[in-house]
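This report describes selected features of the structure shown below. It is intended for a reader who meets the structure here for the first time.

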Amino acid sequence: MSAANTAANTAADASAVDFRGQHLVVHQTGQGSPVGYLHGLLGNPGLHPFLTSLAASGEGHRVIAPGLPGFSGSPACEDLRSMHDWIVATSEAIDLAGLAGAPMVASSAGAMLALEVAAVRPEAFERLVLIAPLGLWEPTDPVADPFATTMKRQRSILTADPARTAAFFEDDMTQSPEVLIERNVDRYLARTAAASLVWPIPEFGLDTRIHRVTCPVTLVWGAQDELAPVSYLERFAGLLPNVVGTHIVDGAGHLAEWDRPDEVAALVEGALS
Amino acid sequence: MKTLWFHLMPYPELPEDFQQQHRSVWVDIDPKLFDPAVGHRAYNDYIDELEHAGAMGFDGVGVNEHHSNAYGLMPSPNLIASTLTRSCPDAAIMVMGDSVALYNPPIRVAEEMAMLDCMSGGRLISGFPVGSPMDTIFAYGQNPATLRERYHEGVDLILKAWESDEVFSFNGRYNKLRYVNCWPRPVQQPHPPIWIPGGGSVDTWAWCAENEFVYTYLSYFGYKAGMRTMQGYWDKVRELGKEPNPFMGGFAQFVGVADTEAEAWELYREPAEYFFNRCLHVYAGFADPPGYKSVNTVRAGVEGMVERAAREATERAARAGARSGSTKAGPAGGSEGMTFESMVEKGYVIIGDPGQVAEKLTEVATSLNVGHIMALCHFGNMAKDVVMRNTELMATKVLPEVRHLFENEWEDKWWPKPLPAPQRSVAGGLR
């Protein structure tokens, strides 16, 4: 699949691409110029509002959102044991989704992976819009542990309004017990994949490579981010060689695009144009 | 039936308001609560107690591994076990065990256990736990997504190191060793018996059954609550066409014996309440990191043992908070203690005169079909003289009543096979 081909495909849909004998689920919606979205800690539990907002912004976009292994219905991949494994897999997923050379919006751990891929392949993205990327560590201002807490708190640490993540955390209790069990397993696999990416400290030497990320980068941060303090925006801005914009979004937490989908989509549209 | 005297080695002087003022006994317990002078006394008292158990005729003595934990003061069980090889010349030495995934490389476990087996003349029982989430994921920073794979690779490496009579290379996912050569070699050939402590993972049942490792359930919650877990294990054993030999199973049980039942109620109340209310005050956020459980366990809806402990601690705190009007559960939120009566009724703790305890232990062994009991004769902040008396009554009045169980019907193929006694050194020279 190429970016041109996917742009021609206008169905709002989830498709699958082959990946190492299994598959990756790729959510796609809208029509227009292609733009990728690399998810954060929750994956893409369906076409969440940010994807549809982004697809509708400006003159319209074809939004292509691959689910990394373990997330969003993509099977877990036991070959992903280290950050190196994840970087190679992400690079592969970007190619498989036809997103090489396209602009990319990436969030949280997905933004960390996008930066790592761009450090290896500076030509991988036409430009990047990064929402609260992980990957740096300041001991006096540490990134919070997203797992050493209750489930209720794990949810509330991700967004300013926990209700925004209902699609991931909540079930339709009218469904059969079998369906609910599998939903729980899917959620567990996504949380496991997220843990695999950020445990125990989400810093894997990115600061030694980040100078190779030469494409234009726009940084977006939720003002109420309880996971990665907003002070990290300046740290990334100081290390990236080609920052073209920084934005702090009021009323948004770590996954700012979940809290303020329209507002963040507008910021992305501004960065793309 | 074999009975092993098993020590958790709790810190004995947690403050009375520990649950109210602190979030967790494990992982982020306040370092300032540890008084090294208390530690000095505790370690020495606890080793005395294990030695007393060996001298009184328990079949084995046992230790285990925990980290950043006030109810388990043994980051290195091997250190304690090494002293016991010298001071307990006849008992089996159970290390239950070394958390394989935390050793880098795990060949260190093969080496140290081979040392212990040599020092003891072949009396070692080698336990390989995955380790609790608190120990492995939080205190030791292991990634929950890869912990179990790392653990299984480590066990494979250790077994090959013991079994191979040639130097070999090991090219694992996590361990790359050009030269594997375990010196010293264990006395027991090809290796000491393998016991696996479990906490409720359904995959561990199948793994133990397939490999004929002893599955031991180190439960905090007694034999009544342990029924489902042990039944799951034995079902898997039968499903795989293996014999349900009780000696392929083990179970940990808190026990308090006194001359009379009334005295037992008096003696064991405080240490039991100390253990269950202070030592099991575990913050729920540490109990279930994603990836620690296997997918099969998640799908089966099995709650792990430490997960249960943390949930119950949270529920007690919530009840106390509701009564006091506080909405906080945890530090300053209060907690409602579990009563000793409830612990006894639920079977968490077995107490009574020797006859009553023998009867209950028989029920434990036969209802769970386990041929190895890890008796926790010390718990909480139990005074040393009470521990010594409990140990003596168990050894002299209870064990003679239960030792016969299963012995005529089944062979214990998982018990250490030491050198003959005349060939074994003891402290100071040969016997």
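## A covered strand in chain B

Strand 2 (residues 60-63) of chain B is covered on both faces: Gly60(B) and Gly62(B) on one side, and Val61(B) and Val63(B) on the other, are all buried. A residue is termed buried if 20 or more other C-beta atoms lie within 10 Å of its own, exposed if 12 or fewer do, and partly exposed in between, with C-beta atoms placed from the backbone. Helices (H or I, at least four residues) and strands (E, at least two) are DSSP runs, numbered from the N terminus.

Strand 2 of chain B pairs in the parallel sense with strand 1 (residues 2-6) of chain B over three bridges; pairing requires that DSSP find at least two bridges between two strands. Within this pairing, Leu4(B) has Gly60(B) as its bridge partner. Strand 2 of chain B also pairs in the parallel sense with strand 3 (residues 92-96) of chain B, over four bridges, and there Ile93(B) is the bridge partner of Val61(B).

## Basis of the model

This is a predicted model, in which local features need pLDDT of at least 70 and side-chain atom pairs count only at pLDDT 80 or more, while totals for chains, interfaces and linings use all residues. Residues are numbered from 1 along each chain as its sequence is written, and chains are lettered from A and ligands numbered from 1 in the order in which they are written.

## The sheet of chain A

Chain A contains an open sheet of eight strands in the order 1-2-4-3-5-6-7-8, with mixed pairing.

Strand 3 (residues 33-38) and strand 4 (residues 61-66) of chain A run parallel and are joined by four bridges. Pro34(A) stands opposite Arg62(A) in strand 4 of chain A. Helix 2 (residues 49-56) of chain A packs on the sheet, where it touches strand 2 (22-29), strand 3 and strand 4 of chain A, and its direction makes about 150° with that of strand 4 of chain A. Helix 8 (residues 232-239) of chain A also packs on the sheet, touching strand 7 (217-222) and strand 8 of chain A, with its direction at about 170° to that of strand 7 of chain A.

## Helix packing

In chain B, helix 4 (residues 107-120) and helix 6 (residues 147-163) pack at an angle of about 45°, with their axes 8 Å apart. These two helices of chain B are therefore oblique to each other; angles under 35 degrees count as roughly parallel, over 145 as roughly antiparallel, 65 to 115 as roughly perpendicular and the rest as oblique.

In chain A, the axes of helix 3 (residues 83-96) and helix 4 (residues 109-120) come within 9 Å and cross at roughly 85°. Helix 3 of chain A is therefore roughly perpendicular to helix 4 of chain A.

## Contact between the chains

Contact between the chains involves 16 residues of chain B and 15 residues of chain A, two residues being in contact if their C-beta atoms, placed from the backbone, lie within 7 Å. On the chain B side, the largest share, three residues, comes from helix 10 (residues 295-300) of chain B.

Terms used: Axes fitted to C-alpha atoms, helices over the stretch in contact; angles between N-to-C directions.
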